[in-house]
Amino acid sequence: MLALSIACTAAAVAWVYLVAAHGGFWRTSQRLPRVAAEPRAWPDVVTVVPARNEAAMLPVTLPTLLGQDYPGALTVLVVDDGSTDGTGDAAAWIACSVQGHRALRVIPGIPPPAGERWAGKVWAMAQGLRAACPSDYVVFTDADIAWEAHMLRRLVAAAEGDDRDLVSQMALLRTATGWERVVVPAFVYFFAQLYPFRRVGVPGSRTAAAAGGCMLIRRGALEAAGGLAPIRGALIDDVALGRLIKGQRGRTWLGLSRQVVSVRPYPGLASLWQMVARSAYTQLRLSPVVLAGTLLGLLFLYALPPAGAITGLVAVLAGGDGAAALALGAGLAGWVLMSLSYLPMLRLYRLSPLRAPGLPLVALLYAAMTADSARRHYAGRGAEWRGRVNLR
C-alpha cells in the first residue's frame, strides 16, 4: 500500500503540472482572433483538396468552399488521387451545377516519379500545388470538411493582420453516434496534450503542429521551405507541415473551431479504431522504446489515480493505515484534476460533464489502439490513406 500511495502522489503532482504549466492544453479558448481591420487588398488564394474515393463527401463539402464569402480571387483544385468511385466525375458535376464565380478544377492524379517515395496524401497535395496558378496563399483542406461561408475571409484576415505564415484550425469532428461521443473528444484532447495549441503560436517554441482539415499557408514561406518535398514521406502530414514552416522561423498559429466541421461519419468502434490506429505508432516515430514509454505514461497518468482512489477507499473502510488514506487522497486528487481538465473539451462538443470521470477508461481504449497500431506496422500493414498503403 505504501508503494501505491507514493505512486498516486507522483501522479497527482504530474496532473498539477499538466493543468497549471503545460501550455493550457486543456483550454478550448484558442479560437481564431478577430482583427481590428481587414486587408485593404485581399490576396489571391488557391485551395487544394486531395480526394481519394470521396464521391459521397464532395457534394456536401465542396459547395461550402465554392460559396466562401471571400472578397479576393479564390481557386479550388480537387486532386482525384486514383479514385474508383467516380470522385472526379462528382467534382466536375459540382463545378457545373454550383452557382457562383469561383473557379474549380479537377486534377487527375498520376503516380510519383520513379524512385521517389511519397506518402499518398502528400503526393496528392503536391500535385495540386504544382497545378495551382500563382497565389499569395494556399489552403490545404480535406474532402470531408465543410466550411462556414465567412471562414476563409477570417483566416486570411488573421494571417495578414498578425503576419502569420501558417494559420490552422482543428475541425470540429462528428459526434452523432455513441462511440463517436466516447472517442472523438478524447482524440482532440490527447492531440492538444501532445501539441499544446498556445505553444504552437509562440515563436521559438519547439512545439509545432497543424490540423490537416484546415491549413492556410503563405505560399512564399512554403516555397522558401522547399515546398512539400522535404515532407514527402510524412505519414502525419499536418504535424510535419507545421514543423517545416516553424523550422524556417515561420510564424504559426493553431486553434479550435466550430465553423470548420468534419462531416465524415464513424458509425462504429471499428472505424474509429482505424482512424486512431493507422497513424498512432507513426506519431511515436515507430520506436518500441517510445511506444513502451507512452503506454506506461497512459497507465500512470490515467489508470493509476482511479485505481489508487478505489483501492485506498476499500482499505480505509477496512481499517487501513495512513498509507491507505494517502492513496485514497492522492488518487482522488489526480482523478479530479484530469476530470476537470476534460470538461472544456466536453463543453466544446456539447456533451454531458458526467462523462469526464470516465476519461481513464477512454485512455485505456486509446492505449489498446496505440498498441494495435504498432502490431499493424510490424505485420506490414502500416499507415494507410483511404484504403491504400501510404508510401509508394
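Modeller: Residues are numbered from 1 along each chain as its sequence is written, and side-chain values use heavy atoms, with hydrogens and water left out. As the model is predicted, local features need pLDDT of at least 70 and side-chain atom pairs count only at pLDDT 80 or more, whereas totals for chains, interfaces and linings use all residues.

Colleague: In what order do the eight strands of the open sheet stand?

Modeller: Strands here are DSSP runs of E with at least two residues, helices are runs of H or I with at least four, and both are numbered from the N terminus. Two strands pair if DSSP finds at least two bridges between them. The pairing in this open sheet is mixed, and the order is β3-β2-β1-β4-β7-β6-β8-β5.

Colleague: How many residues of strand β1 are buried?

Modeller: Buried means under 20% relative accessible area, exposed over 50%, and partly exposed in between, with a 1.4 Å probe and protein chains only. On one side of β1, V45, T47, V49 and A51 are buried, and on the other V46, V48 and P50 are buried, which covers both faces. For β1 (residues 45–51), the count is therefore seven of seven.

Colleague: Which residue of β4 is the bridge partner of V45?

Modeller: β1 and β4 (residues 137–141) run parallel and are joined by four bridges. The partner of V45 in β4 is Y137.

Colleague: At what angle to β1 does helix α4 run?

Modeller: Axes are lines fitted to C-alpha atoms, for helices over the stretch in contact, and angles run from 0 to 180 degrees between N-to-C directions; contact means heavy atoms within 4.5 Å. Helix α4 (residues 120–131) lies across β1, β2, β3, β4 and β7. Its angle to β1 is about 145 degrees.

Colleague: What distance separates the end C-alpha atoms of helix α5?

Modeller: The expected span of a helix is 1.5 Å times one less than its number of residues. The 12 residues of α5 (residues 151–162) should therefore span 16 Å, and the distance in the model agrees, at 16 Å.

Colleague: Is A280 buried or exposed, and with which residues is A280 in contact?

Modeller: A280 is found in helix α11 (residues 280–283). Its relative accessibility is 13%, so A280 counts as buried. Leaving aside neighbours within four places in sequence, the contacts of A280 are T370 and S373.

Colleague: How far from C96 is the nearest cysteine sulfur?

Modeller: A disulfide is a pair of cysteine sulfur atoms within 2.5 Å, and a search of the whole structure finds zero. C96 is exposed, with a relative accessible area of 68%. C96 is in no disulfide, and the nearest cysteine sulfur, that of C133, lies at 19 Å.
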